[in-house]
Each structure stands twice: as C-alpha cells, then as structure tokens.
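This report covers the ligand site and the salt bridges of the structure shown below.

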Amino acid sequence: ITFTHALCRAPSRSVTAGLRAEDRGAPDADLFAREHAAYVAALRRTGAEVTVLEPQEAFPDSVFIEDPALCLAGVAILLRPEAPTRRGEVAALRPDLSRLFPEIRDLGGPGCVDGGDILCSDTEVMVGLSARTDAAGVAALRPIVEDLGYRMRVVETPAEILHFKTESSLLDPETILASPRLAATGCFSGYRVIETASGEEGAANAIRFNAPVFLSDGFPRTAERLDRVGYEIRQLPMSQAALLDGGLSCLSLRY
Ligand code: CIR
C-alpha cells in the first residue's frame, strides 16, 4: 500500500496533562510541538499530503489521533475510546473526517476500541484486546471490517502493554516488527516477525510510511537490525510522546 495522505493533530498546551501509566514527568509542550513538527515534515518528505488539524485544549491526548478513528479502504470508522478523558475526541474529529472522507461509519454499541490496538495489513485487520479495547468493541468492529473486504484476527495484548501497536508494527505485507514479549504470544503466526533488540521494546512502535520505516530515536541496535535486512530507516525524536506512552503510530491516521 502506498499512502497518499496522513492526518495529524497539533499538540495542545494541555498535552502536559495527558494520560500516562507511569509518571516520569510531564511532557514539555514546546518540545512536544517541535518533535511533532519534525514528524509531520518527515511524513511530507515521502510525498504524502499531510493535514494538521488545530490543537484541542479540551482533550490533552488528542494529539494521539490514531486512537479515535480507523481509516480503511477509503472509509473513516469512528471508534470509541475507553478512557473517559478521550471519549469526546470522536465527536471533535467527526467534522474533519466528514470533510476528508466520502464515507463515515460509526462503531456503535457500548463496546470500546482504540485505534492503537488495530494493526492493518493489505488483507487483514488484527485487533488486540487490551485495557482499552474490549470484546464488545471488537464484535461491533468485525462486520464493518469484513464488509470492507478484510479478514479480522482477534488477539490478546499482554496486560503490561497499553496498546497492541505499542509493541508492534507492519514493515511490509509479510513482516511485523514486534517486541519479544508480544511475539512470544504467537499472535503473529503466518507473518515473518523481526524482534526488537533487548531493552529496545519501544522501537516496535514504528511506522512504514511509503518507502521509509520510521523509528523513534534511541534504538540503535534495532535500527541496525532492520537496516541490515534492507529497510530504509529514518529515526525521529519522540521523547515527549513517549512520556505519555505514545509513539510514531499514534500521531497520525494514514490512508
Ligand atoms: C493514552 O493513554 O491514551 C495516551 N496517553 C497515549 C495513547 C497512545 N496511542 C497509541 O498507542 N495509539
């Protein structure tokens, strides 16, 4: 798949109040904005058109725009975040998605799904059950995904991992980059799996966006591993998103 577009949301000043599993200090809003701008510029350099939406002060985590929606086969699916402080991100995003996509669908029902738990290949949508994505949410998502022509695979995310894609990403149609603990669950059967180097689990929240594979800075051994097998690697600073358990994939909707 070639991506022609990405949709991002600029970080708000309120990003300092974003959710985090463990407090290692609040992110710095200015530095977050600079790292975000570098990310947008890097996506643009691949030739894609990148739209950056206005920041939303009411939603500290809204910079992580991947979570409230899924873009699949030209359709935007509005999801349902489990985190109470993130629920409103869906309604806030709807007008923009309506402008950019010919068709919008809603998850519906009481269940929850975060986009961070969904990994798409060309034919398959893998969904990781997690603290943010429940069985009712998956049941509501399945008919939408299947109607769009994709298979759905439901897997478990180990409890210590926030989102399924916190520790996995698709490198090409057959290959997944994953942390050893996620790969060990066997959820990627049928794919070639490249594991992150030990101590570099965070490298797995990568994105293949057109030719390059983008990795967060600070994971030299995983970068070298991928470079050796022929991926074009670009590293980006992600220090501030990482303080809020976010990474490269969370910062855009790619389509
Ligand atoms: C949250 O806890 O919801 C945010 N602080 C981080 C979301 C990261 N998103 C993602 O992995 N897709």
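## A buried salt bridge

Asp114 has a relative accessible area of 1% and is therefore buried. This residue belongs to a predicted model. Asp114 forms a salt bridge with Arg132, and the closest N and O atoms are 3.3 Å apart. Because Asp114 sits in the loop between S5 and strand S6 (118–120) and Arg132 in the loop between strand S7 (124–129) and helix H3 (135–147), the pair ties together parts 18 residues apart in sequence.

Arg132 is buried as well, with a relative accessible area of 12%. Both values fall under the 20% cut-off for a buried residue.

Asp106 and Arg94 form a salt bridge in which the closest N and O atoms are 2.6 Å apart. Asp106 lies in strand S5 (residues 103–106) and Arg94 in helix H2 (residues 89–100), so this bridge ties together parts that are 12 residues apart in sequence. Asp106 has 39% relative accessibility and counts as partly exposed; Arg94, at 32%, also counts as partly exposed.

A further salt bridge joins Asp245 to Arg24, with 3.7 Å between the closest N and O atoms. This pair links distant parts of the chain, 221 residues apart: Asp245 is in the loop between helix H6 (239–243) and strand S15 (253–254), and Arg24 is in the loop between strand S1 (5–9) and helix H1 (29–44). Asp245 is partly exposed at 22% relative accessibility, and Arg24 is partly exposed at 45%.

## Salt bridges in the whole structure

A search of the whole structure gives 22 salt bridges. Glu66, Lys165 and Arg254 are connected in a network of such bridges.

## The ligand site

There are 14 residues around the ligand, and Leu19, Asp61, Arg86, Leu244 and Cys250 come nearest. By type, the residues of this shell divide into six charged, five nonpolar and three polar.

On its own the ligand has 340 Å² of accessible area, of which the protein covers 99%.

Terms used
Residues numbered from 1 in each chain as written. Predicted model: local features only at pLDDT ≥ 70, side-chain atom pairs only at ≥ 80, totals over all residues. Heavy atoms only, no water. Near = heavy atom within 4 Å. Areas by Shrake-Rupley, 256 points an atom, 1.4 Å probe, with all protein chains shown as cover. Nonpolar A, V, L, I, M, F, W, Y, C, P; charged D, E, K, R; others polar. Salt bridge = Lys/Arg side-chain N within 4 Å of Asp/Glu carboxyl O. Helix = DSSP H or I, 4+ residues; strand = E, 2+ residues; numbered from the N terminus. Buried < 20%, exposed > 50% of the residue type's maximum accessible area, 1.4 Å probe, protein only.
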